[in-house]
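Have the structure open and follow along.

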Amino acid sequence: MSKMAEEVAKRIRKDFVPKEAYLSKEWAQAENEHFWPHVWQIACRVEELKRVGDFVTYDIANESIIVVRSAEDRIEAFHNACQHRGRQLTEGCGHTNAFRCKYHGWVWKLDGSLVKIQDPEDWKDCADFTAQDLRLPPVKVGFWAGFVFINMDPAAEPLEEFLKPLPEYLDGFQFEQWRFRWYKTTILPCNWKTALEGFNESYHVPATHPQLLEHMGDDTTRSVVLGKHGMYYYPVERRPLGAPAVRTNKAMPDDLRPGVVRHYNELNETLRAMYSPRSVEAMHRLLTELEPTNDPAVLYAKMDELQREAALTSGAGWHSMTPEQRMRAGQEWHLFPNHVFLMLADASIAYRARPNGDDPDSCIFDIWSLLRYAPGAEPTLVREFIPDWTANTVADFGLILSQDFNNFGRVQQGMKSSGFKGSRTNPLQETEIPNMHRTLAEYIARAAKA
């Protein structure tokens with residue numbers, strides 16, 4: 001399997017990814033065996049584990065992990081398998097005082113230690129049958145920005161090393177203080193990478209989301225590779241927010257304010273993410289508190305002032321970043337391997353894609369809307385699982401996500417054509433994609449050789 005990974009890695013260029021990486025059952029098996037058990041990945045957020053006994057079940061490929069608050073000051077993770085016959089102990093998310101197997105009644109404490117075996121004397125003199133042998137196997141846990149990471153490899157590099165250089169770019173946003181606005185999960189008919197790649201580039205916007213070109217300014221981005229991870233940003237010389245993109249052939253307006261208000265309104269109505277409701281409301285004040293202008297510097301300064309004032313008035317606080325730091329942070333980040341988020345001053349949208357068992361044509365897809373709330377003002381977390389995304393797509397996910405989702409199954413099927421050899425990724429706007437594939441292939445090759 002290492003040879004296969006090496007061959008695929010050799011064929012990856014900044015402008016090309018072989019289609020086997022999306023379609024091959026052998027490649028999916030290699031990921032499940034040699035990749036997912038060895039890489040740091042986001043399992044949940046700390047806020048999902050408020051009380052001792054709160055747990056989240058994180059399923060990835062054929063693995064299942066229990067993440068639990070085992071004490072007031074401790075979050076731990078364990079393989080989700082009864083040590084008797086393998087039955088999974090938890091599913092979904094919830095609260096418990098112990099992990100009880102519903103098959104034969106074995107019980108473990110929240111810290112993974114064994115409590116009870118039915119008829120233990122029947123195993124008298126059996127090897128490897130001490131309480132220590134029968135603990136729930138632990139999984140490494142790490143924390144950054146309010147996210148809980150897990151890694152099944154006991155020899156994994158420290159999370160701090162894995163994350164570099166994200167924290168130096170992003171810690172000023174104080175993501176650990178943000179909370180869920182909403183949380184949705186669905187099953188998509190495509191490979192997990194096919195789905196994720198729909199969000200770690202903006203090159204698709206003109207064709208997939210043409211309505212946004214009327215007020216978002218120029219859509220062209222530049223992408224940057226930063227080790228395992230990547231990001232994209234809008235060049236400074238672009239047409240500003242509030243103006244139609246140059247590709248629409250519409251003139252630069254004399255007044256950017258109405259376009260900004262329209263942009264915030266439309267994103268709020270069709271995505272309900274990236275902009276907080278208070279920021280949307282604050283943008284309406286541009287029409288009365290700022291003279292008509294097409295000067296981006298004047299406009300952006302006032303926008304920042306109004307959003308900051310609204311956040312502080314609400315008690316939510318504000319980030320600690322300078323304008324230069326905000327500019328350097330860019331617009332979007334791909335946190336390797338399977339997490340993409342687009343963040344603004346006090347709100348974001350985040351995506352997590354996971355393989356659905358062994359099927360390379362199916363994935364579990366999570367969407368999170370996060371924003372900064374005043375302490376205690378966040379809504380009760382409701383995790384919505386929508387198994388059939390096609391049933392009522394716009395109502396369930398909003399127009400923008402419905403436009404995205406309608407691409408993925410057709411992409412997955414189209415890649416199976418004998419007339420398609422691989423993705424011709426844009427070498428300026430989509431470099432995060434081949435970088436992810438190259439890094440993934442290196443993980444598989446390294447683990448397969450070990």
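**Exercise 1.** Work out how the side chains of Lys 164 and Glu 161 meet.

*Solution.* Step one: the side chains of Lys 164 and Glu 161 form a salt bridge, 3.1 Å from N to O. A salt bridge here is a side-chain nitrogen of Lys or Arg within 4 Å of a carboxyl oxygen of Asp or Glu. Step two: Glu 161 counts as partly exposed because its relative accessibility is 40%; buried means under 20% relative accessible area, exposed over 50%, and partly exposed in between (1.4 Å probe, protein chains only).

A word on the model: it is predicted, so local features need pLDDT of at least 70 and side-chain atom pairs count only at pLDDT 80 or more, while totals for chains, interfaces and linings use all residues. Residues are numbered from 1 along each chain as its sequence is written, and side-chain values use heavy atoms, leaving out hydrogens and water.

**Exercise 2.** Find which residues are linked with Arg 285 in a network of salt bridges.

*Solution.* Step one: start with the salt bridge between Glu 309 and Arg 285, at 3.2 Å from N to O. Step two: widen the view, and the network links Arg 285, Glu 289, Lys 302, Glu 305 and Glu 309. Step three: Glu 309 is partly exposed, because its relative accessibility is 36%.

**Exercise 3.** Decide whether His 437 is buried or exposed, and find its polar partner.

*Solution.* Step one: with 3% relative accessibility, His 437 counts as buried. Step two: its side chain makes a polar contact of 2.6 Å with that of Glu 197. A polar contact is a pair of N or O atoms within 3.5 Å; within protein, one must be able to donate a hydrogen and the other to accept it, and residues adjacent in sequence count only if both atoms are side-chain atoms.
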